[in-house]
Protein chains: 4
Amino acid sequence: MLMRRFTLSITCPDRIGIVAAVTGFIAGHGGSVLEAAQHGDLGTGRFFLRIEVVADSLGFSASEFKERFAPLADEFDMTWNVSDSAERKRVVIFVSKEDHCLADLLYRWRSGELECDIPAVISNHEDLRAFVEWHDVAFHYVPVPGGESDKGRAFAEMERVLGAEQAETIVLARYMQIIPAEMCARHPGQIINIHHSFLPSFAGARPYHQAFDRGVKLIGATCHYVTADLDEGPIIEQDTYRIDHADGPDELRRVGREIERSVLARGLRWHLEDRVLLNGAKTIVFT
Amino acid sequence: MLMRRFTLSITCPDRIGIVAAVTGFIAGHGGSVLEAAQHGDLGTGRFFLRIEVVADSLGFSASEFKERFAPLADEFDMTWNVSDSAERKRVVIFVSKEDHCLADLLYRWRSGELECDIPAVISNHEDLRAFVEWHDVAFHYVPVPGGESDKGRAFAEMERVLGAEQAETIVLARYMQIIPAEMCARHPGQIINIHHSFLPSFAGARPYHQAFDRGVKLIGATCHYVTADLDEGPIIEQDTYRIDHADGPDELRRVGREIERSVLARGLRWHLEDRVLLNGAKTIVFT
Amino acid sequence: MLMRRFTLSITCPDRIGIVAAVTGFIAGHGGSVLEAAQHGDLGTGRFFLRIEVVADSLGFSASEFKERFAPLADEFDMTWNVSDSAERKRVVIFVSKEDHCLADLLYRWRSGELECDIPAVISNHEDLRAFVEWHDVAFHYVPVPGGESDKGRAFAEMERVLGAEQAETIVLARYMQIIPAEMCARHPGQIINIHHSFLPSFAGARPYHQAFDRGVKLIGATCHYVTADLDEGPIIEQDTYRIDHADGPDELRRVGREIERSVLARGLRWHLEDRVLLNGAKTIVFT
Amino acid sequence: MLMRRFTLSITCPDRIGIVAAVTGFIAGHGGSVLEAAQHGDLGTGRFFLRIEVVADSLGFSASEFKERFAPLADEFDMTWNVSDSAERKRVVIFVSKEDHCLADLLYRWRSGELECDIPAVISNHEDLRAFVEWHDVAFHYVPVPGGESDKGRAFAEMERVLGAEQAETIVLARYMQIIPAEMCARHPGQIINIHHSFLPSFAGARPYHQAFDRGVKLIGATCHYVTADLDEGPIIEQDTYRIDHADGPDELRRVGREIERSVLARGLRWHLEDRVLLNGAKTIVFT
């Protein structure tokens, strides 16, 4: 069990004195820093900063932190946030039939490795209900029919569940339906997908078959935020694994399941710990 | 120094009894097998076999091996070859201005790691002449002008050098000119290129800039046989290396040089040892 | 679902003609070879061979295969076996309190990735009973007291369970008791352990603390057969993962769990598929 | 070509306000920070900080930087340094007969990848003179005889060369003599060795043979600072590479050369860029 901490995440135009001002503010309130990382992006002129402070070293709550910090944030034109490790993020997982990512996330969650709440799973199939419910997690079966208006109703129902559960993060754990553009727009930087290829290679359907046909010598997986452009969202994490000519599509799928689940778990953990900051179509990841 | 060996490479339609017949032939002549590997491709129904025999365990030369083996090869409709480790392949390297792959190959060659002859280097720039000549390797400066007929004359001159040097293998060690289709056709499975991305991602120009712009978390390199379709030839070897948001294009280039040179060296070594067999647009690599 | 296959594994003194004789035998009975791999060990003069044959391509059963093959095996002084993929190996898992390896193995087993039967789990603690029983696997609580004679009774009880379950393979999935020498001797090449370090570094207790104290830059895990010499048995598989100075022992444990479970799963899968052959204190692994 | 920068490295007891004070000092002088990284070590209570400042953004030189910074350093009881990228470190390489690390370092140096001066190479053999001198680097042949007093004279001669060349860093690029304890003591944190195993496994002589005999599935290399305890110094960088049962000691050596040269090059580059801070018997590496 880690000690309670406040995590301050900042993005602003780069200029002299940002770190001095922020760390001066924290030190001025007796704040003890656990971890800090920064990055100045030369291309965009943006500055990124993430600082973890021991909550008890400050004499106030996260909301008071925000109140006191606001003038400084305004001065430097910051986009910023303070999160409190005691308030766990609420995550809803979307899944279809393949369960390797779901099983992995639920295991990590119940073993305490992923610090979040998982109140619900949404699926367009009934197959995984028993497994999910064994974890005392609500299972919502929301089929997605073919017609546009029916599809609209299905996603409206999902939005209703997300709202009721106060979900802050949505994980597509091999969910085989395309998320509508307006749903992407409502949850920017909050929907995380695992794609079973090393993007930008083999975007779209059946990536392992594409990889097999091309004869690549490594296969990979990509964890990314979802945007309206399918498979084009900001990449959070990727990894690859060596294969050879003897590995057919079934073997690639087996190896791929390994990579998918570890890449997704790392990406989600970093997201939950506020380690991922958006930089246009790319990410800054303070690991 | 490895002992002298004959390497038999075979591709043929898959059927029962191929290995029994081939190993029976070798055993019948007292041949001692050093290494053997096989693969049956379910998609194409083709069978691939590679066997290394201790040369002295057979009572005859490579050419006599071929003569005696021919009836068996006909019976099974084999495409096949016997190479003799005492007859080193002759390799000509094409290079432009970047020298990291060239320097690496020449080092491995003079240290004995790459068992081949390198009689000549061809370049469209004069920059690397002194370095190449220090290795007692001939340096041919063949500029490639813009016009089609001038370009034709340049590649004809290169073909003349290749012929004079009896080159069996051509290595494009970051050679920045496109090889004409007819030159590709004249040297099938003999021209090896290193592309500085994890293909099929980032084919074409400036792959490290493409990778930086897309925000990938790993970069890679690909060693492949050259065909008339640019960056589409059969892949021999690939590898990737982790980068992060702090790595700009210069850093990617630096990391990439590492991957390029090791991937190219591995691919070339396997080619020299007859470990790479073509399977349509893909390769079988018996490492 | 893979097609039914017989897997022939052979170890014998190296000499000319082994492969020809074996493949001749198989081809003579119309056997269709799916996969074959061989290795001649120069140091020991031993030869190793593994061949997978499509069961239906032969006109007989595995036991008849053995009967017919025996004279050839005698001729070449082989230690050998034929396994039938239709007869799944029976695996009993030993576990203490840490469940990451157990959970991973049970997931892979119920998803069909590990082709074996898992009739029982034995533990010296009650903690994991509910989880195991959810999988319809018998859970045997066998506490291991401190005194020698009590300990003897405990392991005798475990042997009784193993016998009753007809276990062929025992997996120590982070089992924190030392297996007595006589139990090791009764199950040679059948007890598989996962050690949470890159052996031979950090043998013994608390390897992650040892690794942290030494300041290594990668940590690892090792899957090996258990012999009476603790942490000295033949290594089946190993892997490493990068860490840095910011990772304390807790972080090493978290990263280590990843490596442990993937290394153990690979090692066990290769064992189940008869891909691991013993070569003295080392292994041949035909992946 | 990177812009000129001052790099401030700090180690001190951890307490509140260090970063605020240091960044306040830099910002107060108009300093533009290029890169910053920090680490608080919970075990030792020490704090580590590294900041790169654009030299031209400050109105003064490195020596004036030091003068102005000294009072702050005293206040926080810092061990600290300011280096100027315009003053390249002077590196002397020690080598015996194996040249793969030497060749690699010299290539990276002349290609501009390693920003340092290499005025001299010292060797106990004459073999590599021509290669070294081709790079316009002085070659000092200093044989190391068996007797203690002769050995003393040899190392005294080496110290003389180091002094004459004003060497700040000594790289043992597969140098096969043991450095005397007093020489280690004179150059703390300045002598870098490459050991051809994944330490602490296989310390001492012939590590690839040790690895082969143990049957490990990965081999590695370790770059570390040299102390009087052979192979026990603080580890800077390590890496591993997969091998298999078919790889004999020669193959391990070949694979090992790859790992050795890349691990040594990374370790040396980080050292030259003041990214490596000592933390007792361990290192902090701000990559």
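Okay, housekeeping. It's a predicted model, so local features need pLDDT of at least 70 and side-chain atom pairs count only at pLDDT 80 or more, while totals for chains, interfaces and linings use all residues. Residues are numbered from 1 along each chain as its sequence is written, and chains are lettered from A and ligands numbered from 1 in the order in which they are written.

Let's start with the sheet in chain B. It's open, with seven strands in the order S7-S6-S5-S8-S9-S10-S11 and mixed pairing. Strands here are DSSP runs of E, at least two residues, and helices are runs of H or I, at least four residues, numbered from the N terminus; two strands pair if DSSP finds at least two bridges between them. At the edges sit S7 (138-141) and S11 (235-242) of chain B, each pairing on one side only. From one strand to the next, the twist averages 20°; axes are lines fitted to C-alpha atoms, for helices over the stretch in contact, and angles run from 0 to 180 degrees between N-to-C directions.

Zooming in, S8(B), residues 169-172, pairs with S9(B) in the parallel sense over three bridges, and Val171(B) stands opposite Ile192(B) in S9(B).

Now the helices. H3(B), residues 100-110, lies across S5, S6, S8 and S9 of chain B, at about 160° to S5(B). H8(B), residues 249-272, lies across S8, S9, S10 and S11, at about 150° to S11(B).

On to the backbone. Most residues other than glycine have a negative phi, and most peptide bonds are trans. Leu199(B) to Pro200(B) is cis, though, with omega near 10°, and that proline lies in the loop between S9 (191-195) and H7 (207-214) of chain B. In chain D, Leu199(D) and Pro200(D) are also joined by a cis bond, omega about 5°.

Back in that chain B loop, Phe202(B) has a positive phi near 60°. So is Phe202(B) buried or exposed? Buried, because it has 25 C-beta neighbours inside 10 Å (buried means 20 or more, exposed 12 or fewer, partly exposed in between, with C-beta atoms placed from the backbone).

Last, the interface: 24 residues of chain C are in contact with 24 of chain D, contact being C-beta atoms, placed from the backbone, within 7 Å. S11 (235-242) and S13 (282-285) of chain C are the elements giving two or more residues to chain C's side.

Notes:
Contact = placed C-beta atoms within 7 Å.
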